[in-house]
Amino acid sequence: MSVIFKDHEAGLRVQTKWWASRTAIYMTLSIWAVVCLFPIFWTITTSFKLAPDVMKGNLIPWWDFTPRWKGWESIGLSPRLIGEVSTVREEFFKRFWNSAVVSISASLLAVILGSLAAYGLSRFSYRFGFMKNSDISFFFLSQMILPPVVLALPFLVLYKSLGLLDSRIGLILLYTLMVLPIVIWIMRDQFQGIPIELEEAALVDGLGIWGAFMQIVMPIALPGMVAAFILSLVLCWNEYFFAALLTSTNATTLPVMVASQTGSQGINWWSMAALSSAAILPLVIVAIALEKYIIKGMAAGAVK
Amino acid sequence: MNTDGDLLHTVTADNISDSRKRLGKLMVWGTALFCVMLALLQAIYQAGSIGIGFETWRPILYAYMLWATALCAAQVIVNGEKGKRTLFVLPAALFVISLVVFPLLFALYISFTDWNLASPNGPQPNGWDNLVQMWNDSFYWNALTNMVYYVLAVSVEYVIAFGLALLLNAQIRARKFFRVVFLLPLMLSPVAVSWMIGKSMLEVRFGPISRIIRDLGGEPTFFGDPEIARFMIMAMDAWTFIPFIMIMLLAGLQAMPSEVLEASKVDGASGWQSFKEIIFPLMLPVSVTAVVIRIIFKLKLADIIINVTSGGPGGATDSVTSFIFREYRDRSNVGYGTLLAMVYLVLIVIFVTLFLKLVSRWMERPA
């Protein structure tokens with residue numbers, strides 16, 4: 001905003017207007033930031049509260065209540081209990097480990113399968129029967145529409161007969177299927193942005209098409225792959241529907257554990273809050289550390 | 001995208017001998033035969049006619065995977081360089097086909113049976129009974145009506161997200177901080193959100209929001225009244241997914257050429273005018289993508305409903321997915337539930353196709 005005459009009346013009017021719009025923008029931004037942060041703040045502080053603090057509605061730690069480890073003790077994660085053997089902690093870590101293994105392997109598998117398919121579709125023309133490239137792309141992307149309920153029951157029966165019910169492999173396969181369209185969508189956009197001349201040069205220099213893909217294209221597309229991986233990771237980590245239906249004791253993931261605790265009656269708020277905090281914390285950290293990649297992943301395909 | 005002919009041309013002189021071709025074909029057909037034989041054996045064993053067989057169908061899965069590997073390998077053996085190209089897409093295609101098409105066919109079969117997991121008889125085909133039952137099931141129609149409301153709520157989410165994206169795109173300090181903070185809700189699992197907000201912050205006695213309402217002199221009921229309960233579910237879902245729309249729109253705003261906006265400013269357009277005449281029309285394609293994807297996610301909405309209200313009060317918050325989830329879990333009504341899911345799938349496909357058609361026609365219309 002250019003104010004040329006600082007003492008002139010018109011210049012002053014421009015200045016006040018500018019200040020007013022600044023304040024409005026920052027006010028709105030701050031309000032929405034509070035809307036986004038308050039539930040997280042509330043959950044984390046509640047995990048350090050005792051029953052009277054919850055009932056009195058105390059909010060700010062050290063100001064109107066003293067933080068206690070009671071909530072975290074209920075999942076065996078407090079300074080006092082950390083050295084001791086704790087069954088609840090083992091239970092928690094088992095679920096945590098399940099979630100980690102399932103979401104990481106599923107995302108990895110999806111990124112590998114999806115990148116290959118996306119590369120093929122962006123470089124070569126195929127014919128499978130009546131299906132051409134655009135049909136094949138559409139076939140992959142249309143899987144996104146498929147609601148999980150449609151597949152849930154056939155998979156329940158199928159997994160029962162395959163002995164895959166309540167196993168991590170079963171969940172990994174399903175989650176891969178779930179995120180594959182998104183990965184293909186992101187990666188196709190990435191590969192289309194890489195100039196074909198690069199691979200042509202590599203082919204002239206004597207590499208095969210797979211060699212060119214591995215040595216030339218992959219390193220360039222790596223940031224996109226990381227973005228697709230992180231996005232898949234988030235989706236798989238948070239998935240509840242299939243995990244609730246297809247697992248019972250061995251392979252249950254964190255969301256299922258959290259959900260099974262919410263049903264129990266009584267205001268056991270501190271332990272629920274501790275459990276919820278522990279379940280969301282890994283992704284909050286991922287979001288803060290890798291924000292760039294998440295945004296890149298979601299922006300890909302949106303802008304052509 | 002240009003789909004005629006390869007973008008990346010490869011010229012190779014493939015001399016594939018007949019014996020090599022025969023080997024490839026033998027591999028595919030041999031493993032396929034092996035897989036089918038194994039499946040037949042297991043089917044007979046399950047029927048009880050013979051004594052040899054496996055405990056589960058797992059070995060057939062391994063045989064199927066062997067066949068899939070052989071099929072991929074055979075592409076290269078039979079077709080040479082052309083096969084190497086096919087190898088990029090084939091694994092993903094095989095994966096999706098085996099995990100979607102077979103289960104869908106199976107689902108089609110069970111949706112016309114009276115299968116209840118609790119009944120000892122197993123699936124018995126019962127013709128059109130399930131469809132008739134669906135027609136008279138007011139709860140299912142109620143859930144479908146709710147889905148209409150839920151999808152309509154996307155428009156409000158879109159407006160809020162657009163506003164936030166515009167603000168983030170303005171000349172502000174601490175942009176990265178705000179971007180991270182605004183992104184956070186998307187990272188949280190719906191199950192955790194349903195406890196954090198639905199069960200604790202909106203708790204009638206001790207939740208902070210109820211406290212504020214009581215201080216203002218109101219009487220908080222969040223999940224007692226049907227209309228308010230539905231609104232609360234919408235709000236929670238919006239809270240998690242607004243960042244998603246926002247980031248896509250932000251990417252669109254950042255990709256927009258700044259010359260156009262500057263030109264409009266020179267021509268004397270006010271802020272609202274330049275938004276209405278320039279920003280919004282230029283953002284239409286991105287908006288459509290974001291909204292379509294958001295609607296697709298919305299149609300799967302279930303986790304929050306299952307965990308907060310489980311459909312209540314009186315089915316006012318039920319989504320189709322949560323309704324069918326209860327049909328499976330509480331009543332083990334497998335056949336009927338699957339039919340409902342299949343009908344829902346058909347409705348979704350019709351709706352999304354029509355929506356895309358309409359949007360593309362509307363966008364092509366000369367302004």
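The expected span of a helix is taken here as 1.5 Å times one less than its number of residues, and helices (H or I, at least four residues) and strands (E, at least two) are DSSP runs numbered from the N terminus. Helix α14 of chain B (residues 334-364) has 31 residues and should therefore span 45 Å, which agrees with the 45 Å between its end C-alpha atoms. The model is a predicted one, in which local features need pLDDT of at least 70 and side-chain atom pairs count only at pLDDT 80 or more, while totals for chains, interfaces and linings use all residues. Residues are numbered from 1 along each chain as its sequence is written, and chains are lettered from A and ligands numbered from 1 in the order in which they are written.

Chain B as a whole comprises 14 helices and zero strands. Its C-alpha trace spans about 75 × 60 × 40 Å along the principal axes, and its radius of gyration, taken over C-alpha atoms, is 28 Å, whereas a compact globule of 367 residues would have a value near 21 Å by the rule of 2.2 Å times the number of residues to the power 0.38. An automatic or database domain assignment divides chain B into domain 1 (18-110) and domain 2 (138-249 + 284-364), and the C-alpha centres of these two domains lie 40 Å apart.

Of the 367 residues in chain B, 34% are buried, a residue being buried if 20 or more other C-beta atoms, placed from the backbone, lie within 10 Å of its own. In α14(B) the buried residues include B:V334, B:G335, B:Y344 and B:I348. Among the elements that cover the buried residues of this helix are α6 (148-162) of chain A and α5 (138-169) of chain B.

A nonpolar core is a set of buried Ala, Val, Leu, Ile, Met, Phe, Trp, Tyr and Cys residues joined through C-beta atoms within 7 Å. The largest such core has 166 residues, and those with the most contacts inside it are A:A117, A:V183, B:M246 and B:L249. Helix α7 (residues 168-192) of chain A gives the most to this core, with 16 residues. A second, separate core of eight residues includes B:L38 and B:W67.

Between the chains, 83 residues of chain A are in contact with 80 residues of chain B, contact meaning that the C-beta atoms, placed from the backbone, lie within 7 Å. Helix α1 (residues 9-46) of chain A gives the most to the side of chain A that touches chain B, with 12 residues.

Note on methods:
Buried ≥ 20, exposed ≤ 12 C-beta atoms within 10 Å, placed from the backbone. Contact = placed C-beta atoms within 7 Å.
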